[in-house]
Amino acid sequence: LKPSWLNFVFSVQCYAAFAFRVDFLMAARGSSQPRHVDVLVVGGGCTGGLAASLLREGFDRQGADGQLDSSTMSLHVWEWARGPAGRMSTFWWEDEKGRRHVADLGAQVFSTPNAGDAEQLRQLGAVDATGLASTTPERPPDWTHLWVPGGLTELLRRRLEVARADDVAFGRRVTGIWLDGGRWHVEARGDGGGNSSVIKHFDAVVFAGTARDIISIEGFRGAVGSDNAAALDRVRYDHRLAVALMMAPQLKVKMETLFGNDNAELDLEKEGGVLGLLSWQDRKHRQHASRTVLVAHSTCRFAASNLQRAKDLRRHPKEMGFEGIVGALAERFEMSVGELQRSILDSKVVHWRQCQMQRCVQLPGSCLEVLPTGSGGPLLVACGDYFAEGNYHGCMKSATAAASAVLSWMGRTVAPSAASVGYLDSAKIDPSSRPARRWNSASDTSSRREDLVKVEAATTSQGTTSRGSEAQAPRPRARWQRKGIGSEPGVSAENQVA
């Protein structure tokens with residue numbers, strides 16, 4: 001080589017050595033420049049919306065205290081449905097005069113034993129519920145139960161507004177997650193209502209779907225380990241059909257006769273027939289002057305038998321379920337099926353394959369926290385009512401734990417102090433000890449909240465290990481096809497989520 005080229009190569013080597021030395025010193029002493037992190041919340045239902053808003057509120061508090069800089073976090077929320085929904089879906093119709101008629105297809109109330117949470121819900125527009133069926137197990141009689149006149153989805157949307165997410169994407173279904181270079185590689189389908197592929201990387205991912213849905217995501221089992229995956233597999237939900245009927249106002253007389261003067265709901269589950277719960281939506285402080293709206297939930301027994309019959313007859317279970325529920329209602333109203341069908345102005349059917357949670361996950365704590373590459377590595381959190389109980393309070397409890405997990409992780413990894421790492425004299429630097437990422441803290445001994453699950457996932461052939469290696473989980477060839485969650489993706493334009 002010519003001398004000029006030798007000088008150039010020598011200069012590059014000197015610069016690289018200097019940059020390496022500075023980079024390591026900055027990591028060891030705690031850089032004054034906080035690392036930016038991208039956080040993804042998967043699921044815009046009750047738990048996901050709460051987790052996102054609580055994360056933002058906690059982040060703002062720590063920012064006000066000087067613990068975190070406002071520029072260190074980007075928050076993203078991805079939801080498969082066309083709006084914030086989950087199992088608290090609300091559908092609405094407009095009549096010829098533009099008046100909105102609302103029906104809650106899933107959960108009917110927010111239930112909480114906490115007076116502070118109840119007051120916060122009231123401030124967001126909820127009102128105290130009356131005339132409820134008292135025998136449903138997810139509604140303890142000494143708790144506060146609240147309606148939302150505009151529909152439960154309206155309040156979920158407001159919680160997402162509180163979150164001030166940098167990116168909220170509806171119609172986007174997460175299909176895979178893998179560890180990639182110290183971050184989570186997340187794949188999704190659907191962007192802007194289409195079916196295109198979306199691939200992004202995140203430092204922390206919070207899964208807030210049902211246990212059955214998240215465990216079906218490609219790569220998730222390997223990420224959490226076989227023991228945790230097995231525990232999630234054992235979560236159980238019941239199975240029901242829900243039908244919302246917008247009917248002619250002449251049927252209000254029939255409704256008043258059936259419900260009486262004070263009842264907003266009728267619990268028929270113990271009868272063991274077709275109808276499980278009837279909820280008259282007009283009595284949720286909703287003005288349905290030109291219509292009357294009823295929501296009927298089937299029994300679990302009918303949903304199971306209807307599904308089997310539909311398979312045998314090669315018919316759609318929602319179509320057959322609608323016929324069965326309308327027939328049972330006609331009998332209650334003491335009118336013919338044809339007469340009732342002529343009074344139905346519009347309808348919506350949801351086949352809840354995952355409805356009320358029946359068996360929660362057998363893991364300690366209110367959420368699942370996984371750190372595959374040690375204390376500073378990318379964070380994965382799973383949360384939902386299945387960690388607590390099947391109501392709003394259970395969602396709030398798990399969402400609070402998930403938000404606390406992310407905030408605690410950020411406090412340790414975004415900008416670790418020199419005291420937490422220890423000052424390293426430059427003469428004692430061992431190049432082989434250079435951390436994989438500048439913001440890792442190998443000596444982390446921070447305490448954790450009791451309601452968080454610190455996972456030390458065993459090394460298995462299925463995936464990564466907590467506080468272990470960064471070995472990537474093998475990617476199976478088959479792609480997961482989602483079969484049903486929360487809102488139905490095929491909702492017609494006139495029955496959009498409120």
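Modeller: What follows starts with the whole chain, then goes to the core, a helix pair and a few loop residues.

This is a predicted model, in which local features need pLDDT of at least 70 and side-chain atom pairs count only at pLDDT 80 or more, while totals for chains, interfaces and linings use all residues. Residues are numbered from 1 along each chain as its sequence is written, and side-chain values use heavy atoms, with hydrogens and water left out.

The protein has 13 helices and 22 strands; these are DSSP runs numbered from the N terminus, helices being H or I of at least four residues and strands E of at least two. Of its 498 residues, 54% count as buried. Buried means under 20% relative accessible area, exposed over 50%, and partly exposed in between, with a 1.4 Å probe and protein chains only. Contact means heavy atoms within 4.5 Å. Among contacts between residues at least 6 apart in sequence, 73% join residues at least 24 apart.

The largest nonpolar core holds 47 residues. Such a core is a set of buried Ala, Val, Leu, Ile, Met, Phe, Trp, Tyr and Cys residues joined through side-chain atoms within 4.5 Å. Val-39, Leu-55, Met-73, Leu-75, Phe-110 and Met-410 touch the most other members. Elements that each supply at least two residues include β1 (37–42), α2 (46–64), β2 (73–79) and α12 (392–413). Helix α12 gives the most, with 12 residues. Leaving aside neighbours within four places in sequence, Leu-75 is in contact with residues including Val-39, Val-41, Ala-52 and Leu-55, and also with Arg-56, Asp-166 and Asp-167. A second, separate core of 35 residues includes Phe-202, Phe-220, Val-235 and Met-357.

Next, the helix pair. The axes of α9 (residues 300–313) and α10 (residues 317–333) come within 9 Å and cross at roughly 125°. That makes α9 oblique to α10: angles under 35 degrees count as roughly parallel, over 145 as roughly antiparallel, 65 to 115 as roughly perpendicular and the rest as oblique. Axes here are lines fitted to C-alpha atoms, for helices over the stretch in contact, with angles from 0 to 180 degrees between N-to-C directions. The contact involves Phe-302, Asn-306, Leu-307, Arg-309, Ala-310 and Leu-313 of α9, facing Pro-317, Met-320, Gly-321, Gly-324 and Ile-325 of α10. These residues divide into 7 nonpolar, 3 polar and 1 charged, where Ala, Val, Leu, Ile, Met, Phe, Trp, Tyr, Cys and Pro count as nonpolar, Asp, Glu, Lys and Arg as charged, and the others, Gly among them, as polar.

Arg-314 lies in the loop between α9 and α10. Its phi is near 55°, a positive value in a residue other than glycine. Most residues other than glycine have a negative phi. At 80% relative accessibility, Arg-314 counts as exposed. Arg-164, in the loop between α4 and β8 (167–170), also has a positive phi, near 45°. Arg-164 is partly exposed, at 46% relative accessible area.

Arg-139, in the loop between β6 (127–128) and β7 (144–147), counts as buried because its relative accessibility is 7%. Leaving aside neighbours within four places in sequence, Arg-139 is in contact with Gln-108, Val-109, Ser-111, Leu-132, Ala-133, His-145 and Glu-265.
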